[in-house]
Each structure stands twice: as structure tokens, then as C-alpha cells.
Amino acid sequence: MRKLTTATAVAFGILAMGAGAASAEKLTIGLASEPTSLDPHFHNLGPNNAMSVHIFDRLIAQDEKQRLSPGLAVSWQPIDDLTWEFKLREGVKFHDGSDFNADDVVCTMARAPVVPNSPSGYGTYLKGKEVIKIDDYTVHFKTAAPYPLMGNDISTIPVISEQGCNSTTEDFNAGTAAIGTGPFKFQSYKPGESIVLTRNDDYWGENAIWSEVEFRPITSGPSRVASLLAGDVDMISGVPTTDITTLKGNDAIQLSQGVSNRVIYLHMDQFRENSPFVKANGGGDIKNPLMDVRVRKAISMAISRDAIVDRVMEGVAIPAGQLLPEGFFGVSDKLDVVAYDPDGAKALLAEAGYPDGFELTIHGPNDRYINDAKIAEAVAQMLTRIGIKTAVETMPRSVYFGRASKGSPDGLPEFSFILVGWGAGSGEASSPLKSLIHTYDKDAGFGSSNRGRHSDPDTDALIEMALSTVDDAKRQDLLAQATEQAIENVAIIPTHFQVNTWAAKKGLSYIARTDEYTLATGVVKE
Amino acid sequence: MSAVLEVSGLKTHFFTHAGVVKAVDGVDFTVSKGEIMGLVGESGSGKSITGFSIIGLIDAPGRIVEGSIKFNGEEIANAKEERLQSLRGNRISMIFQDPMMTLNPVLRVDTQMIEAILAHESVSKQTAWERSRDALGLVGIPSPEERLRAYPHQLSGGMRQRVAIATAFLNRPDLIIADEPTTALDVTIQAQIIHEAQKLTRQTGTAMIWITHDLAVVAGLAERISVMYAGRIVEQGGIDDVIDRPLHPYTVGLLGSVPTANRRGKRLFQIEGMTPNMLDLPKGCAFGPRCHARTDACGLQPPIEDIDGRSLRCFNPQRAAEAVK
Amino acid sequence: MTVFIIRRLLQALLVVFMMSVIVFFGVNIVGDPVYMLVSPDADQADIEAAISRLGLDRPIWEQYGLFLKGAAQGDLGNSFIFGEPALKLILHHMPATMELAFSALFLAIVIGIPLGLYAGLYPDSRLSKGIMAASIFGFSLPTFWVGLMLIMLFAVELQWVPATGRGDLGSFLGIQSSIFTLDGLSHIFLPALNLALLKISLAIRLTRAGVREAMGLDYVKYARAKGLSTRRIIFVHVMKNIMIPVVTVMGLEFGSLIGFSVVTETIFAWPGMGKLLIDAILQLDRPVVVAYLMIIVLFFVLINLIVDILYSILDPRVRLQDQGA
């Protein structure tokens with residue numbers, strides 16, 4: 001009996017080895033932006049987060065549509081109004097062989113918000129939450145008020161080991177502390193040059209098909225495309241829109257596209273009667289027309305979202321009628337994209353008392369969103385056609401955002417009419433609603449990016465209720481209603497949702513993600 | 001005595017955009033072994049060009065268009081560059097006017113002397129160095145080892161010129177062409193240099209062509225003299241003979257304009273008129289417009305005449321001599 | 001010489017200090033770094049926390065004072081973006097830039113000077129005219145475009161070399177560099193060429209001008225009169241003279257090769273300091289910008305110093321300030 005077992009074991013061993021040896025596949029990816037650190041808690045930045053997903057698991061994973069699924073936690077639910085219980089996965093090992101358990105979770109949650117020198121960490125997601133270890137595989141998260149978004153928030157925190165909790169950011173960058181439970185292990189990190197990961201063959205989940213992945217940051221768009229064409233890399237992220245048509249026609253290249261969670265929209269000054277960049281025809285002062293909902297509606301109708309998508313974005317975008325694309329949590333199925341109707345817009349303007357329009361300046365960044373400056377110009381042209389003579393001023397984001405948020409002499413938003421974008425990191429509608437639509441309330445933390453200072457108490461109430469409604473279905477309705485009100489009141493004017501494009505050599509394709517992350521686990525063979 | 005150099009009918013013209021400059025237009029002379037010939041004329045007379053023509057350093061847009069230059073019986077006018085290179089600095093040397101410009105400022109003296117030897121002879125650097133040191137001693141330079149290590153700008157004008165002279169003698173040439181070697185120096189140094197040069201030529205039997213505009217210099221140095229004007233030799237002969245009894249009006253004028261103690265109190269003699277424009281020479285005798293002894297015959301180019309060992313280009317030599325007295 | 005060097009270094013410190021003031025306050029005027037750093041999800045409280053954590057809530061004078069205090073101990077602050085010490089970041093990226101700069105300089109010398117020499121010696125040949133025309137392109141074509149064209153041609157079409165990135169490192173005499181491996185050379189070739197293009201054009205034009213000028217000078221004529229071979233005249237006499245301006249200019253240009261190879265590094269994804277700088281500027285990572293510019297200023301002063309010393313070695317006529325006679 002024993003002999004048989006041994007023989008079987010040996011046979012399986014050989015098979016396993018054989019299988020392992022067969023998939024010695026190396027993948028090279030050219031990245032549009034480089035992670036700034038391998039310390040997963042150092043900076044809450046897209047590229048950093050995408051990189052950390054390879055090495056570190058979260059308690060809850062987000063799939064390519066940002067839907068939640070079990071990660072290092074096998075279940076999570078509210079056990080009372082103020083407590084969520086997370087049950088942890090057993091039998092998981094860190095890359096150094098040590099066991100994963102609740103102690104790691106507790107120290108992770110303690111460390112994540114307080115990394116020294118962190119430009120912007122994960123404090124936002126852990127604010128007001130208390131973590132308690134119940135036993136080796138159970139933790140409780142407690143809040144002062146009911147918190148339905150616990151899952152979404154916790155899904156953003158990469159889990160490190162206790163050893164990692166005692167390490168510095170430098171240790172992570174050097175690789176000695178970069179020990180996670182994820183599908184890939186740290187191999188080497190040359191800042192600015194390459195990050196190499198090797199497959200974790202003891203991963204608790206499905207093994208990656210790639211035995212080794214090398215990430216190369218190539219920030220210049222044309223160079224990135226050239227690298228792919230030259231065969232230096234197998235795949236690239238962030239394909240410039242101007243290259244998409246050429247690459248489509250190239251038989252050696254395969255494109256993968258997917259809508260992102262980022263909406264591009266216009267914010268209007270709705271709180272100052274004398275707005276700095278709104279003037280009467282001829283340049284004189286005028287009572288701010290943007291405070292009138294009819295004017296805002298007219299503006300929305302004057303914009304041809306199809307034209308923006310087709311001509312400015314070269315087809316690589318989706319017209320937006322609300323804050324998140326279809327399929328996301330909290331999206332309303334009653335909202336359509338506002339139809340392009342320049343005549344109706346003019347009529348509405350006249351009704352509001354501006355038959356001859358007025359003068360406006362639109363401000364926007366020129367190096368932040370895809371084709372941002374061109375979008376601003378297109379919008380300006382469209383508005384000018386209905387009588388609102390619009391000048392355009394774009395600037396680098398390093399100058400733009402500071403001014404847009406508090407650049408005026410009294411520390412308020414400096415501009416009157418701005419182009420911005422919003423990526424819903426949590427993958428659901430409460431994110432934009434809370435930060436863009438809710439009345440600006442510094443103490444409560446609402447409206448932090450509400451630069452137009454739109455304020456509607458009914459909408460506020462809906463949002464606040466949603467944020468404390470744990471029942472998913474009810475919350476979905478509340479969010480949808482809040483969105484509908486926001487759009488009805490033209491709190492902001494969404495223009496389109498960005499579509500992201502990845503390109504790979506023929507035979508490879510990428511499962512496009514709404515969070516714009518580039519993951520090696522998403523690269524599949526055709 | 002055998003002729004080291006025989007120049008006959010030499011014409012060196014420059015073909016410029018503005019026209020043809022006939023810098024040397026029919027020059028004949030002979031230099032014998034060990035002889036010092038003075039080539040005298042004002043600026044633009046073509047004397048330096050004559051010197052360069054002999055050594056083969058006429059560059060575009062100029063070239064030797066006609067004539068023969070026989071060096072030790074060998075025709076070298078328009079000879080192959082390799083042949084000329086092997087002769088230059090070796091059998092025919094040249095001393096230039098301003099040694100500050102002619103010595104390379106970034107190379108040491110010893111480098112520039114040793115290379116002159118090594119270009120023509122395969123000896124060891126040590127041997128070449130010793131010969132250079134000895135040559136410097138010969139021209140009267142004290143502590144020659146130190147001077148060898150120096151850069152040109154660290155030496156005085158007179159010292160530099162001595163270096164140039166020493167360099168010219170390094171390979172024991174048969175002929176040295178000295179192009180205004182003392183013009184850039186002050187009078188006292190001039191005298192010394194002239195003395196050294198004379199001494200060396202006597203010692204080595206080297207022939208020399210001493211080009212200058214200063215008659216006084218040539219008077220005490222040369223054995224024969226050729227006077228050039230506007231590209232031609234207008235008078236030629238033994239030095240004492242020419243100075244005592246100049247025949248060409250130009251020579252007369254030159255001699256007359258030398259300030260001497262004997263003529264104290266008298267007004268300095270001036271040759272009337274200006275130096276001719278080489279692009280637009282007058283028809284006939286080039287000196288005609290400035291000449292006291294001019295006659296109608298001078299509308300034609302006077303041919304060379306040999307009178308008592310003197311060569312002359314003039315229709316009216318006697319009358320010129322009288323006019324000055 | 002020692003006094004000279006010390007004085008220069010003191011001047012350097014002064015310039016570095018002034019640079020730090022200008023940049024520190026200048027970056028402040030551009031915009032608020034906080035908004036570049038915080039995630040958009042952050043609410044007002046988070047933003048304020050970030051501001052105070054970075055010390056940006058203090059008055060700018062106080063911030064600068066703290067910076068100076070740290071600088072005196074060698075701490076130039078931590079990068080806002082990377083969290084690491086700015087100095088460490090820059091030093092880490094420096095080798096890549098240095099090897100690129102040296103490679104570009106090497107190409108400029110090895111390609112530019114010979115081509116310029118040829119163009120200077122034979123100015124009327126077709127090849128020379130072609131070289132000069134090409135040098136104009138070198139000046140006028142934007143580095144960005146040329147870089148991309150090089151990639152398209154050599155990497156994408158011909159597939160001779162990789163498109164971007166730095167190659168494997170090798171070791172030689174204790175120095176680690178990618179130029180010591182074949183893989184590294186294949187990676188550095190295009191970016192070095194791209195960076196060198198401007199410098200090659202400069203070298204060509206400088207060398208040609210120098211040669212044209214030198215060939216007309218007396219010391220060249222004198223060297224020929226000594227019978228020296230053309231090779232020696234060009235490579236010893238002429239070269240030593242024209243090297244002075246060439247070395248001076250190329251030396252100064254080298255400073256900009258090190259400091260501002262931003263475009264080339266970005267196009268070729270070369271992990272050097274230039275790219276670090278541009279990213280830091282765009283994201284208002286003030287500590288990195290300040291530290292970088294202070295270091296570059298030091299470099300420039302050092303290079304100037306070396307060029308001055310080289311100059312005094314190459315040209316014996318030049319004395320450095322404070323040197324005894």
C-alpha cells in the first residue's frame with residue numbers, strides 16, 4: 001500500500017514538475033506610468049495600486065469591473081449596525097513561508113494610514129474604523145455609524161505581514177519587505193527601468209500563466225508604441241488615441257479596450273453672483289447666469305457628445321449621461337445621454353433672459369486626461385455657436401488643480417467653468433456623489449471636489465441616507481435617485497466616459513479593467 | 001663659382017576675382033655658392049613672392065605661370081610637391097619676417113627645431129636635440145638648453161629670430177631665403193642678427209637671398225643687389241657698384257631717400273607719386289609716372305640691358321643720375 | 001593653481017546657494033504640490049493632513065530655513081512623490097545619465113572632429129558641402145522628432161537594436177556601466193546618437209572654422225617651409241591650436257549634456273536624471289527639483305574649472321588668474 005502511494009506521489013510529482021516546467025512563460029509589459037514605490041501603503045496612486053495587486057492580496061478582490069469577490073477574506077457581513085465581521089481564508093502562506101492570519105490584518109490596518117512621508121495614503125478608507133481581532137481567522141471592523149461601504153473601502157487595502165508592518169518604505173523598495181500573499185513574488189526593482197516579478201507557485205488561488213513578468217516604464221506615448229512594434233515588449237498600456245487606427249490595421253498587433261470608471265465633466269460656478277470668468281457681452285459685469293438651472297441645461301444641450309467622442313476622442317470614449325457607465329452600482333436606468341439640441345439650447349437661453357448669450361472662459365488641464373485640452377476647445381466652440389462666446393485656457397495640472405480648488409484670493413475655487421474628470425475608485429456611485437455633488441462641508445468631509453459649490457438639500461439628504469443604508473437594493477435606489485436629481489438640476493455636465501486601450505502582440509489580449517490597472521493576470525492568450 | 005640658383009623669366013601671377021595681379025612678371029637673377037644677394041624693393045614690389053616662388057609655397061589663387069628656377073642645375077619651378085618638400089628646410093631654407101607669427105605658439109622651441117631635422121633625416125631624437133642646442137649656441141644664444149624648453153612667447157623678439165635663423169641652418173642648406181628677417185626688430189638687435197647671419201654664411205658657405213625694403217641693411221651685408229619694382233627687377237649688380245653709381249631712376253630715388261648724416265639740414269628726397277596699383281599697371285615702364293627722367297620712349301616696357309656687369313631696365317639711365325645731383 | 005581652485009570652489013558654493021533660493025521660491029510660485037499628490041478621493045481633512053505632513057502649511061521662509069538647516073548636514077529633503085531622500089534619488093539615477101552623456105560626447109568627438117577636419121581641409125569638395133549641410137540639419141531638427149525617427153528606422157523597421165530602455169550592466173575597473181556589455185551597447189547606441197547630434201554638428205563647424213583659420217596662418221606656411229609632411233602639419237601644428245576652442249566649447253556643452261538630456265531620456269525611456277527632473281517639475285516635487293538644480297550647478301562650475309585648467313595646459317600663453325609669473 002505504501003509503495004503504491006509513494007509511486008503515485010512520485011508520478012504526480014513528475015507530472016506537476018512537468019506542468020510547471022512547461023509554462024515557463026515570460027511576459028514584458030510597457031507601462032505608461034511608473035509606480036512611485038513598492039511599498040503598497042505609501043501612496044494611493046493608480047500605478048502603485050496596480051503593481052501592489054501582483055504581490056499583495058486584499059481581503060476583498062475587485063474584478064475587472066470592480067465587482068467585489070473574496071480575497072483573503074472568504075466572507076464579510078454586517079453582524080450588527082456598527083460591526084462588520086470578516087472571516088479570513090485559512091492555509092494561506094506569505095512568500096517567505098510564514099502563515100497568514102488575523103494579526104497580519106490588524107497590523108496592516110494600523111500601518112496603512114500612517115506611513116511616514118506618505119504624500120497621500122489610505123487614511124481616507126480607514127477613517128473612523130476600528131479593527132479588532134476575534135480569533136486567528138476572524139476580525140471585526142467597527143464604526144460609529146452604519147457603514148454600508150465597508151467592503152468597498154477594505155478592498156483597497158493591500159495586506160502585508162507582521163514583519164512588513166515593522167519595515168520602512170525603503171525596505172519595501174529594496175525588496176526585503178515586499179513579501180505578500182499575491183500571485184507574484186518580488187524579484188527585482190530598478191527604479192525608472194524595470195520591475196521584475198516571478199510567479200508564486202504556492203498561490204492560494206489560480207496560478208498565473210506567466211512564470212516571469214517584467215514591467216518597463218515607458219512614459220512617452222510614441223516610444224511606448226514603437227517599443228511594442230519593435231518587439232521589445234509584449235504589451236503596452238495607455239495607447240495614445242492617435243495611434244489606435246494605425247495599430248488596428250496592423251496584423252501583428254491586437255488591441256483590447258474597455259470603458260473606465262472615469263467620467264469627464266464640466267463644473268460650473270453656482271455660488272457666486274459675480275463670477276470671475278463670466279462676463280456680459282463686451283466684457284462688462286453680469287449677474288452670474290450659471291446660477292440659473294436653465295442656462296446650465298442649455299449648455300448641456302449645446303454640447304454634442306457624439307462629436308466629442310467621434311472627433312476629439314477618435315471614437316475611444318462613450319457619451320455620458322450620468323456619473324458612471326452602465327453596469328456600475330448606483331447607476332440610474334432612467335437617465336439618457338442629453339441630446340444635442342443647439343436650437344433648443346438657444347431658446348432656453350433666451351427664456352432665461354440671455355437671448356444674446358454672454359462671455360465665458362473655460363479652464364482645464366492639458367496633461368491630465370486623454371485629449372483634455374482638445375475637449376475644452378471643442379466645448380468652447382460648441383458653446384460659442386449658441387451665443388456663449390467662450391475662451392479657452394488650459395494649463396499643466398501642476399498649476400491647474402491648486403487653482404481650481406482654491407486659487408482665488410479668498411481661498412475659493414478660482415475659475416468659473418472647468419473641465420475635470422473623476423475616477424470612481426470605489427467602483428460605485430457614492431464616490432462621485434459624495435465628492436462632487438454633495439454640498440461642500442469641510443467638517444463632514446463632503447463635497448471635497450465640488451468646485452462649483454452646487455448645493456441641493458434634497459440631494460444631500462439622499463446621499464447621506466445612501467451612505468448609511470446597508471441594504472444593497474435600497475442603497476442602489478437611493479444612489480440612482482440622487483444621481484437623477486443631480487442631473488436634473490444640472491449639478492455638473494458629464495460629457496463622456498474614458499475608454500482605455502491596451503495593445504499587445506498578436507496572440508495576447510488583455511481583459512480591460514474599469515479601474516485602469518494593468519495586471520499581468522489579465523493578460524491572456526488567445 | 002658655381003650657381004646655386006638660376007632664375008630666368010619667372011612670372012608668378014595671382015588670378016583673383018578683381019583681376020590678374022602680376023606680382024612677379026619677368027625676373028632673372030643668379031645666386032652663386034656662398035653668395036649673399038640683396039633683393040630690395042618696396043611693399044608690393046614682388047620680392048617676397050619671388051622668395052616664395054623659389055621655395056614653392058605659392059598657393060591658390062596664384063601660380064608660377066612661366067619661367068625657370070634651377071636649383072643646383074635641377075628645374076624646380078612647378079616641381080612635384082614631394083620633391084619640393086624634400087628640398088624645403090633641407091637644401092633650401094626660409095626665414096620669415098615675424099617669428100612670433102611663424103613659430104607655432106603652442107609648441108616648444110625644441111619640438112619645432114627637432115621636427116625640422118627629423119623631417120629629412122632619421123636620427124635619434126637625442127641627436128636631433130643636441131644638434132638643435134648646438135645650432136642655438138652658434139647664433140649666440142646663451143643657455144641654449146633652457147631656451148629649447150621654452151615656448152615662443154617666452155622669448156624676446158631678437159631671440160626668436162635667432163631661433164629661426166638657427167633652424168634655417170640646421171640641415172646645412174645650400175640656399176637660405178631670408179624674407180625681411182630684421183624688419184620687425186629694433187635697430188640694435190638688427191645689427192646683431194645681421195652680423196650672426198653673415199658669420200654663419202661665411203662659415204658654412206651657404207648662399208643667401210636677403211629680401212628687404214631697407215637699402216641700409218643690405219649695404220653692409222650683401223655682395224650683389226637686385227632692385228625690384230612692380231614685379232620686375234629694374235637694376236642689378238655688385239653692391240658697391242650700384243650704391244656708388246645707381247643707374248635706374250628708382251634706385252637713384254631709393255638711395256636718395258636714405259637719411260644720412262652727410263645730408264643734414266637738407267630736405268629729404270622723396271620719390272614722387274604712389275606705389276602702383278598692381279591690378280592696373282601703367283602701359284610701358286611701370287615706374288614711368290613717377291620718373292623724372294621720363295621720355296616718350298618709356299611708353300614701352302624697357303628690355304633688360306647688360307652694361308658693365310650691371311643689368312638694367314631703363315631707356316634713360318644717365319639722365320636720371322644727373323637729375324638727382 | 002591651488003588658490004585658483006579654492007577661489008573657484010568658493011564661488012561655486014555661492015552660486016549653488018543662490019540657485020537653491022531661486023528654485024525653492026520659484027517652484028512655490030508655480031503651483032501647490034498638494035493637489036498633485038493627494039488622491040482625488042481624499043476629503044478636505046485628508047488634504048489638510050497632507051499639507052501639514054509635508055510642512056507646506058508653514059510660511060515659505062520657514063520652509064526654506066528648515067531646508068537650509070538640513071542641507072548643511074547633507075540632507076536635501078525627501079521627495080514628495082517617492083518619499084526617498086532627494087539626493088539619494090538623484091545619485092541613483094546619475095550613472096545612467098553620465099554614461100549617456102559620455103557616450104554622446106565620445107560620438108561627437110569621434111565623428112564631429114574628423115568630419116570637420118575634412119571639411120576644413122577640402123572645403124570645396126562635394127563631400128565637404130554635404131557635411132556642412134548635414135550639420136545644419138543637426139542643429140535644426142528637433143531632438144524629439146529625430147529620436148522617434150531613429151527608433152522607427154533602427155528598432156522597428158530594421159530591428160537592429162532595441163527601441164527603448166537601458167541594457168545590462170557590466171563592470172570594468174570597479175565602475176559599473178551598461179557600456180561594458182554588448183547588450184548595453186545596443187541599448188545606448190540610439191539615445192547616445194540622438195543626444196550627440198547637436199554636439200556633432202557643433203564639433204564639425206568648430207573644427208572646420210578652426211582649420212580654415214589656421215591653414216591661412218604664418219606658422220603653417222613656416223612649417224611647410226621647413227619641409228614638414230602634411231600629416232605632421234595637420235595633426236601636430238594645426239590640431240594643437242584648434243583644439244583650444246574645440247575643447248573649451250565641447251567642455252561647456254558637456255554640462256548641458258549631463259543636466260538637460262531630458263528629451264532623449266524620455267523618448268528612449270532611459271532611467272537617468274533628466275527624466276527624473278522633468279517628472280519632478282511636472283508634479284511639483286520641489287525637493288527633487290531644488291536638489292537636482294543645485295547639483296547640476298555644481299557640475300557646471302566643476303566643468304568650467306576643468307575646462308579652464310585644460311585651456312591653460314593646451315595654450316601655454318595663457319596663465320590662470322592667481323598663478324605666479
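Modeller: In chain C, 69% of the contacts with a separation of 6 or more are between residues 24 or more positions apart. Two residues are in contact here if their C-beta atoms, placed from the backbone, lie within 7 Å. Keep in mind that this is a predicted model: local features need pLDDT of at least 70 and side-chain atom pairs count only at pLDDT 80 or more, while totals for chains, interfaces and linings use all residues. As for labels, residues are numbered from 1 along each chain as its sequence is written, and chains are lettered from A and ligands numbered from 1 in the order in which they are written.

Now the overall build. Chain C has 13 helices and two strands; these are DSSP runs numbered from the N terminus, with helices being H or I of at least four residues and strands E of at least two. The C-alpha trace of chain C spans about 85 × 60 × 40 Å along its principal axes.

Let's zoom in on one residue. C:Ile200 sits in helix α8 of chain C, which covers residues 182-215. C:Ile200 counts as buried because 24 other C-beta atoms lie within 10 Å. Skipping its neighbours within four places in sequence, C:Ile200 is in contact with C:Leu107, C:Ala108, C:Ile111, C:Gly112 and C:Gly138. Then there's C:Ser135: 65 residues separate it from C:Ile200 in sequence, yet their C-alpha atoms are 7.6 Å apart in space.

Two pairs of chains are in contact, and chains A and C share the most contacts. That contact uses 44 residues from chain C and 45 from chain A. On the side of chain C that touches chain A, the elements giving two or more residues are α2 (34-37), α3 (44-53), α5 (86-121), α7 (143-157), α11 (262-267) and α12 (273-282). The biggest giver there is α7(C), with five residues. Sorted by class, that side of chain C has 25 nonpolar, 12 polar and seven charged residues. Nonpolar covers Ala, Val, Leu, Ile, Met, Phe, Trp, Tyr, Cys and Pro, charged covers Asp, Glu, Lys and Arg, and the others, Gly among them, are polar.

Note on methods: A residue is buried if 20 or more other C-beta atoms lie within 10 Å of its own, exposed if 12 or fewer, and partly exposed in between; C-beta atoms are placed from the backbone.
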